[in-house]
Structure formats: structure tokens, C-alpha cells
Amino acid sequence: MMKRVLILGSPGAGKSTFARKLQSKTKLPLVYMDQLFWHANKTTVSKHELDEKLKRIVAKPAWIMDGNYQRTLKYRLPKCDTIFWLDYPTEVCLAGVKARKGKPRPDLPWIEEDEDPEFMSYIAKFRTVQRPILVKELQKYPNKQIIVFHSRQEANLFLHKIR
């Protein structure tokens, strides 16, 4: 049974949307990595502060945590029991970021108004740069339940089946 859940994938894949839908079905507490890391003025907390927050959260008995933040997987992967990986094509993720522009989101402390070229480049390179690192990290935890979705349709079908 899912009690401590990580949701991973490229920016724009829809991790936060999936997390909210999963939370509404499971009633597990929901934690957004972006809310832990970013201030509303687009400055960030220190690595130390983020790590301390994470250590307190992962010690709790139940949570859903949305966000990659690969540097912090060393704290989160050992503590989770279930991992959802939204392993979507680059085009889907880029379109996801474009579609959310100008919309308020509970996972981010500001509204994205402009397209950030550096961020879009990060997403464009995610499959070749970040994905292999993520694969390598997940291979260290063969006993975790890892559920991989390759499309939003697969993810929504899974959510539909949860009672």
C-alpha cells in the first residue's frame, strides 16, 4: 500500500497535476518540492535549509512528494515506498510548460508569465542529460514499487482505477 510516494519526471510532464489527483484519491499529505525550494520573489532557500526541510518531511509516516530535484534523491528515495515516473516525450513536456503559462498553480509560489529559454533548453535536453541519471538512481532501489507512465493517458487510466 502506498504511504510514501515520489512523483518524478521532466518539468512540464504534469507531476503536480498527477500529484493532486493522486492526493484526492489517497488523502495522503502532498508536498511540492518547488514550494520548499522557491520563495515568491524567485529566490531560493539554501541547500542546507532544503535538506533539513526534506529530512523532517521524509521522516513522517505518509506523504506524496512532487518534484525531481535530483540532488535530493539521496534523502527521498530510501524513504519512499512507491515511485511514479512520468517518462513522457520531450514535445509533451515542452507543450505542458507552454500550456501553464499565465495560470496560478498551487505547486509554485508565482505565476509563470514568460517563457524562460534556459528552462526550455533544460527540458529539451532532459531525456539525454537528466533521464540517464534518474535511471541510474532508480536502479539502486530494486525493491521499490516503480510505476512508469509513457503518456498522460496511461497515468489517467491508473488514477481512474484507484478507489
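With which residue does the side chain of Arg20 meet in a salt bridge, and what is the N to O distance?

Author: The model is predicted, so local features need pLDDT of at least 70 and side-chain atom pairs count only at pLDDT 80 or more, while totals for chains, interfaces and linings use all residues. Residues are numbered from 1 along each chain as its sequence is written, and side-chain values use heavy atoms, with hydrogens and water left out.

The partner of Arg20 is Asp107: their side chains meet in a salt bridge with an N to O distance of 3.8 Å. This pair links distant parts of the chain, since Arg20 belongs to helix 1 and Asp107 to the loop between helix 5 (90-100) and helix 6 (117-139), 87 residues apart. A salt bridge here is a side-chain nitrogen of Lys or Arg within 4 Å of a carboxyl oxygen of Asp or Glu. Helices (H or I, at least four residues) and strands (E, at least two) are DSSP runs numbered from the N terminus. Side chains of opposite charge can pair when their charged atoms come close.

Arg20 counts as partly exposed because its relative accessibility is 30%, whereas Asp107 is buried because its relative accessible area is 1%. Buried means under 20% relative accessible area, exposed over 50%, and partly exposed in between, with a 1.4 Å probe and protein chains only.

Asp107 has a further partner: the side chains of Arg105 and Asp107 meet in a salt bridge at 2.4 Å, N to O. Arg105 and Asp107 are both buried. Glu112 forms another salt bridge, with Arg100, and the closest N and O atoms of that pair are 2.8 Å apart. Because Glu112 lies in the loop between helix 5 and helix 6 while Arg100 lies in helix 5, this pair ties together parts that are 12 residues apart in sequence. Glu112 and Arg100 are buried as well. Arg20, Arg100, Arg105, Asp107 and Glu112 are linked in a network of salt bridges. The structure as a whole holds 10 salt bridges.

A search of the whole structure finds 8 aromatic pairs. One of them joins Phe84 and Phe149, which are stacked at 5.9 Å centre to centre with 10 degrees between the planes. Phe84 is in strand 4 (residues 82-86) and Phe149 in strand 5 (residues 145-149), 65 residues apart, so this pair too links distant parts of the chain. The rings of Phe149 and Phe158 form a tilted pair because their planes stand at 55 degrees, with the centres 5.6 Å apart. Rings of Phe, Tyr and Trp (its six-membered ring) pair if their centres lie within 6.5 Å; planes under 30 degrees apart count as stacked, over 60 as edge-to-face, and the rest as tilted. Phe84 and Phe149 are buried, Phe149 with a relative accessible area of 4%. Phe158 counts as partly exposed, at 23% relative accessibility. Phe18, Phe84, Phe149 and Phe158 form one aromatic cluster.

Helix 3 shows how burial is arranged around a helix. Its 12 residues (residues 47-58) should span 16 Å at 1.5 Å a residue, and the end C-alpha atoms are 16 Å apart, which agrees. The expected span is 1.5 Å times one less than the number of residues. The buried residues of helix 3 are Leu50, Asp51, Leu54, Ile57 and Val58. They lie on the same side of helix 3 because they cover an arc of only 125 degrees around the axis, the arc being that of the directions from the helix axis to the C-beta atoms. On the other side of helix 3, His48 and Arg56 are exposed. The buried residues pack against strand 1, strand 2 (30-32), helix 2 (33-37), strand 3 (63-66) and helix 4 (73-76), contact meaning heavy atoms within 4.5 Å.

Two loop residues deserve a note on the backbone. Most residues other than glycine have a negative phi. Lys27, however, has a positive phi, near 65 degrees; this residue is in the loop between helix 1 (15-26) and strand 2, and counts as exposed at 61% relative accessibility. Tyr69 also has a positive phi, of about 40 degrees, although Tyr69 is not a glycine. Tyr69 lies in the loop between strand 3 and helix 4.
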